[in-house]
Amino acid sequence: MKPKEFEYFVEALKSLPTISNKNASKIAYFFLEADEVFYSQFLDRLTSLKSNIKFCLNCNNLTSDSLYCDICNTDSRDKNKLCIVSYLEDLEKIEASNSFSGLYFVLNTEIKHKDLKTAKKINLEKLENMINKFHVREILICTNMTIDGELTSSYIKNFIKEKNYNIDLYRLALGIPMNASIEYIDWESLKYSIENKRKID
């Protein structure tokens, strides 16, 4: 039987995304065997992460030196166009594909089809503020091609329609397989899907 302090730490690690019980135990053993220099550097960086990294007041992207992220602060971006993504990893993937030149809005969640109450986690007020602030005229909804992603897309579409905005709404082009997450789609397929986006009514 392992000491309770060890078990508590393993439980904390298991609460992190993608960390299984087996991996949590391996990480815990690694920490036990690490020297004081590692502990000091790790704690410093963890503290710095929590203290210095913030979410952009416009779009929920990460920022450290400003209230707004680098993308929102860049004058060359087409600020009348908005791409709505589920997670920060999706924003990074789309940026790396060089297929979108507008602004982003990161939901940091999706509506779970097994728990529709999760819709409350989507900050529609913040999205509305961004639409009004930048006079957005075109929105590309880039949520995942999964049941949850499609449910989230419909929820956002209905919200925008109810507000009677004069905005063209688009979804990723057909061709990306169902149950595919943006994060794992290859760049060429993602770029094609964005460049050939389909209008939704």
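**Reading the assignments in a predicted model**

Analyst: Thr18 is found in the loop between helix H1 (4-14) and helix H2 (21-33). Helices (H or I, at least four residues) and strands (E, at least two) are DSSP runs, numbered from the N terminus. The model is predicted, so local features need pLDDT of at least 70 and side-chain atom pairs pLDDT 80 or more, whereas totals for chains, interfaces and linings use all residues. Residues are numbered from 1 along each chain as its sequence is written, and side-chain values use heavy atoms, without hydrogens and water.

User: What makes the phi of Thr18 worth noting?

Analyst: Most residues other than glycine have a negative phi. Thr18 is not a glycine, yet its phi is positive, at about 65 degrees. His135, in the loop between helix H6 (124-133) and E5, also has a positive phi, near 50 degrees.

User: Is Thr18 buried or exposed, and how do you know?

Analyst: Buried means under 20% relative accessible area, exposed over 50%, and partly exposed in between (1.4 Å probe, protein chains only). Thr18 has a relative accessible area of 79%, so it is exposed.

User: What makes strand E5 mostly covered?

Analyst: In strand E5 (residues 138-142), 5 of 5 residues are buried. Glu138, Leu140 and Cys142 point one way and Ile139 and Ile141 the other way, and all are buried.

User: How do you know which strands pair with E5?

Analyst: Two strands pair if DSSP finds at least two bridges between them. Strand E3 (residues 78-85) is joined to E5 by 5 bridges, and strand E6 (residues 168-171) by 4, so both meet the criterion. The E3 and E5 strands run parallel, and E5 pairs with E6 in the parallel sense as well. Lys81 stands opposite Glu138 in E5, while Ile141 has Arg171 in E6 as its bridge partner.

User: Why is the unit made by E5, helix H7 (residues 147-162) and E6 called right-handed?

Analyst: A crossover is right-handed if, with the strands pointing away from the viewer, the path from the first strand over the helix to the second runs clockwise. E5, H7 and E6 make a β-α-β unit of this hand, so the path from E5 over H7 to E6 is clockwise in that view.

User: Why is the contact between Glu95 and Arg77 called a salt bridge?

Analyst: A salt bridge is a side-chain nitrogen of Lys or Arg within 4 Å of a carboxyl oxygen of Asp or Glu. The closest N and O atoms of Glu95 and Arg77 are 2.9 Å apart, so the pair qualifies. This pair links distant parts of the chain, 18 residues apart: Glu95 is in helix H5 (residues 88-97) and Arg77 in the loop between helix H4 (70-73) and E3. Arg77 is buried at 15% relative accessible area, whereas Glu95 is partly exposed at 24%.

User: How many salt bridges does a search of the whole structure find?

Analyst: The search finds 7. Among them, Lys81 and Asp78 have their closest N and O atoms 4.0 Å apart. Lys81 is partly exposed, at 29%, as is Asp78, at 28%. Another is formed by Lys199 and Asp168, with a closest N and O distance of 3.2 Å. Lys199 in strand E7 (residues 198-199) and Asp168 in strand E6 are 31 residues apart.
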